[in-house]
Amino acid sequence: MAELAAPSGKSSLREWLTTSEPRSRAQARLGNAYRSWVAFSRNPLAMFGLFIVLVLIIVAIFADQLATHSPTVGGDLRTERLQPPSAAHWLGTDNQARDIYSRLVHGSRLTLMVVMLVTVIAMPVGLLIGTVSGYMGGWIDAVLMRITDIFLAFPRLILALAFVAALGPGIVNAIIAIAITSWPPYARIARAETLTIRNSDFVVAVRLQGASPFRIITRHIMPLCVPSVIIRVTLDMAGIILTAAGLGFLGLGAQPPTPEWGAMIASGRQFIIDYWWVATMPGIAIFVVSLGFNLLGDGLRDVLDPKAEK
Amino acid sequence: MTDAVNDTTPGERSRALLTFAVAAGRFLLMLAITLFGLLAVTFFIGRIVPVDPVLAVVGDRAPAHVYARVREEMGLDLPLWHQFAIYIGNVFRADFGNSILTSRPVVEDVVRYFPATLELATLGTLLGTIFGVPLGVAAAVKRGKFADHFVRVIGLVGYSAPIFWLGLLGLLVFYSKLGWVAGPGRLDVTYEYMLTPVTGMVLVDAALAGDWAVFRNAISHIALPSALLGYYSLAYISRMTRSFMLNELSQEYVTTARVKGLSETRIIWGHALRNAAVPLITVIALSYAHLLEGSVLTETVFAWPGLGRYITNSLQNADMNAVLGGTLVIGIVFVAVNTFSDLLYRLFDPRTR
Amino acid sequence: MTGAPLLEVEDLRVRFHLRTGTVEAVRGVSFSLGRERLGIVGESGSGKSQTARALLGLTPPPGEVTARRLTFDGIDLLKASRRTLRSLRGGRMAMVMQDPKYSLNPVMTIGKQMVETYLAHARAGKREAREKALAMLEAVRLRDPERVFSLYPHEVSGGMGQRVMIAMMLITDPDFLIADEPTSALDVTVQQEVLRILDGLVAERGMGLIFISHDLRLVSSFCDRVLVMYGGKVMEELASGDLSSAQHPYTRGLMNCLPSISGSSHPLPTLERDPEWAK
């Protein structure tokens, strides 16, 4: 593209991005992204949230390098059990003489995996059901929305519990159970968005050109629903992490010796009075990461969806 | 006059009655469908359990003909829809089967454990509402000032900290280190059997019996878990109150109230909050329903003998009848609370009457 | 003009300090008002509504009001305590706003809102307040006041709502009333009716009235004097009989835009705005 080669130097790049007359679609998109970024980066709390999430991702990638000990194999049970934080064990050791810091570092992978997998499963499902429901209308809409309502009517954690009980404990089943319980709000949002788009001129134009409903939904409606669904998903991520930790705490998530943060709190529970750090440290990790996602989600919503709240 | 008050004629009145009946009918239909779906989901979950329910009864060494007979007795050879019909029939007779763990009918267990959960969640919601609404109002009125930031921080912590972790820390600090409150459980062992259960809610029973020593003990036990649930409820309620109030305070009728020379107190509490109260009812009901759910984790931490702990205990022992029965009851209460809030909403908002 | 001026305004300014800079919505407006009718005309954004709100001390939060002189019946409104201001508002000064759909509290009955106004300013019992409210509803020519008294705002039409609003604002017998586009949100068919009622009550009680509108012809037929505003400033002050001799190009532009029965004007005239005027 010729336009892309045009900018030279920093100020002209900004001019190129912020121009009111973009000359290509790519330029318009990049310009929009740039303006959103400027608004987003003015919000220090949102930037802090982004920082936490980035740290989580980096820690998860470089867990092997960052960990000082093995996450699953403990040291000498006679001398290294339940040690308080020290130079050798930065956050102390647990009842099996395992280094808590190293377990937390490796646990970040699990947390990230849960969040990503739940999103990857629940978001397309919600998006599909919502857009189809909104575009088709009629009895399809009625049936799909009823199903959505039924899932919304169930308390999430309890439903996830029941599913895990049926499928058997384990991290994969926990992820499936959480995904099953998280799609309904996305479907609702996607449907609401579809209803506002479906009779707009450009959709009518595409329909007149003979496009199939499938093509209209996947190529023209879905892309427009994605931003608002993404905001909601980001806001939900903290909830997903907390639900996963809750399942782990109840012994229904990742099984030992996997270093899952919720399960780590559960195992530290019986020592809480004398060895407070065993249960406290993983709790802090969950708290900080959830906080990061919450701040990020709030910031994204303020930038991308200024009409929601406030 | 072109815009005189319309006098209601009998015809109009009967038409209004008809619209109301249609609305009520739709409402009941929706409720029935939701409950039906609830049953379908629990039924479905019960079917995908990898454990063979027949083997669980007869043992894995039973001869084939015994196995077949038991299978038939349990109705497992029937087509799926028939099994579902039987399941619905059982639920309507309040028959959820027997619990393997307690060997009592699940319904009896639910009736025994539910009041403890109800007591905890109700107290939590009361605390959350009493403190959350004024805090949210203050945050909206003093937007950008201390109260506003305070509510924001409370909300962020509430949305980010795992409830079971805060519970454990609470026990560590307030029970073990400071000794301000009693430990896990509903009562000290010495008081445990001094009370005849009437409602099943210890605070209510003790007050009814006039036994203030037990009452005090119960308070010191419930203080921490209910404060914890109250905190979560407060985080949600204050944040929503803030956003509703900001919306109301920007409305034209608030300016009218100022033009009328009313005091700020009256404008905020009498006019704006009265309007914000309409959506707030839904929020409080929702928060109550969520506390019933959140009790699963809280009850585990505080060894609170409620429905949540009953479900998790049964889970760990693969006692599916108990798990599904408990799940269904919480689901039904959830739906009932939401329905109730919907009705209250209509009552509070003259525009929907 | 009758008697001493009720309201004196000199160099009134309303500024909003925003993150993106300071916006001056009203820039040095001066006028005085006796027990007469003053019209303020201008397009949207001309600062006419902000002027009215500043008089009542109702400028919304980031706004700042300054004036060399801002007095009501000798009381300095900028220095008065909040308590004094509150007793003036609703008691001696009142305002009728644009759309009764939004300016009446939707979850309170009409009667309750009127009684509340009366009780906030008069030492009276509930019974007396109720009787007064019913009398006011009758004064704005609502049929069956008892019934209207117990209705909620959404149960009455726009025209009725605005009459209720007028009744509510005049229940305390104020000396001075602002009517901020009181008929713009109403059906054309009921506009005249509402205006006639307002006209009658103002004349009967000898109140001072500021009538804000974008409709030059309406204002000139309703008021004694007209203030033409643009960009937060007063362009011209005229007696309503002298409209045709208006000097300022903006006023003349407004006049030219009015449709006239005699002869068609093609092409339709457009209003010319000179940024110089606002400097």
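A: Chain C contains 10 helices and 11 strands. Bear in mind throughout that this is a predicted model. Within chain C, 43% of the 279 residues count as buried. If you take the contacts in chain C between residues at least 6 apart in sequence, 67% of them link residues at least 24 apart.

You will find C:Leu58 in the loop that runs between helix H1 (48-55) and strand E4 (63-66) of chain C. Once neighbours within four places in sequence are set aside, C:Leu58 is in contact with B:Thr255, B:Arg258 and B:Val259 from chain B, and with C:Arg53 from chain C. As for C:Ser30, which is 28 residues away along the chain, its C-alpha atom is 18 Å from that of C:Leu58.

B:Val259 leads us on to another residue, C:Met95. With neighbours within four places again left out, C:Met95 is in contact with B:Val259 too, along with C:Ala52, C:Leu56, C:Met169, C:Leu177, C:Ile178 and C:Asp180. C:Met95 is also listed among the residues with the most contacts inside the largest nonpolar core, together with A:Leu161, A:Ala162, A:Ile241, C:Ala167 and C:Leu177. That core has 239 residues, and its largest share, 17 residues, is supplied by helix H9 (residues 212-249) of chain B. Domain 1 (23-92) and domain 2 (107-352) of chain B both contribute residues to the core, so it lies between them.

Stepping back to the whole boundary with chain B, 30 residues of chain C are in contact with 23 residues of chain B. On the chain C side, at least two residues each come from helix H2 (82-88), strand E7 (93-96), helix H3 (100-103), helix H4 (110-121), helix H6 (145-149), helix H7 (158-170) and helix H8 (188-205). The largest share, 3 residues, comes from H4(C). Sorted by class, the side of chain C that touches chain B has 14 nonpolar, 11 polar and 5 charged residues.

What about chain B itself? Chain B is divided into domain 1 (23-92) and domain 2 (107-352), and the centres of these two domains, taken over C-alpha atoms, are 34 Å apart. Between them, 9 residues of domain 1 are in contact with 9 residues of domain 2. The domain 1 side of that contact divides into 6 nonpolar, 3 polar and no charged residues. Helix H4 of chain B covers residues 80-92. With 13 residues, H4(B) reaches 18 Å from its first C-alpha to its last, close to the 18 Å expected. Of those 13 residues the number buried is 1, so H4(B) lies largely in the open. Just after H4(B), B:Ala94 takes a positive phi of about 55°.

Finally, let's bring in chain A, whose secondary structure comes to 13 helices and 0 strands. Its C-alpha atoms fill a box of roughly 75 × 55 × 35 Å along the principal axes, and buried residues make up 42% of its 310 residues. Chain A and chain C do not touch, and their nearest C-alpha atoms are 12 Å apart. Of the 2 pairs of chains that touch, chains A and B have the most contacts. The contact between them takes 37 residues from chain A and 40 residues from chain B. Several helices of chain A each supply at least two residues to its side, including helix H7 (138-153), helix H8 (156-167) and helix H11 (213-249). H13(A) gives the most, with 9 residues. By class, the side of chain A that touches chain B has 25 nonpolar, 7 polar and 5 charged residues.

Technical notes
Residues are numbered from 1 along each chain as its sequence is written. Chains are lettered from A and ligands numbered from 1 in the order in which they are written. This is a predicted model: local features need pLDDT of at least 70, side-chain atom pairs count only at pLDDT 80 or more; totals for chains, interfaces and linings use all residues. Helices (H or I, at least four residues) and strands (E, at least two) are DSSP runs, numbered from the N terminus. A residue is buried if 20 or more other C-beta atoms lie within 10 Å of its own, exposed if 12 or fewer, and partly exposed in between; C-beta atoms are placed from the backbone. The expected span of a helix is 1.5 Å times one less than its number of residues. Two residues are in contact if their C-beta atoms, placed from the backbone, lie within 7 Å. Ala, Val, Leu, Ile, Met, Phe, Trp, Tyr, Cys and Pro count as nonpolar, Asp, Glu, Lys and Arg as charged, and the others, Gly among them, as polar. Domain bounds come from an automatic or database domain assignment. A nonpolar core is a set of buried Ala, Val, Leu, Ile, Met, Phe, Trp, Tyr and Cys residues joined through C-beta atoms within 7 Å.
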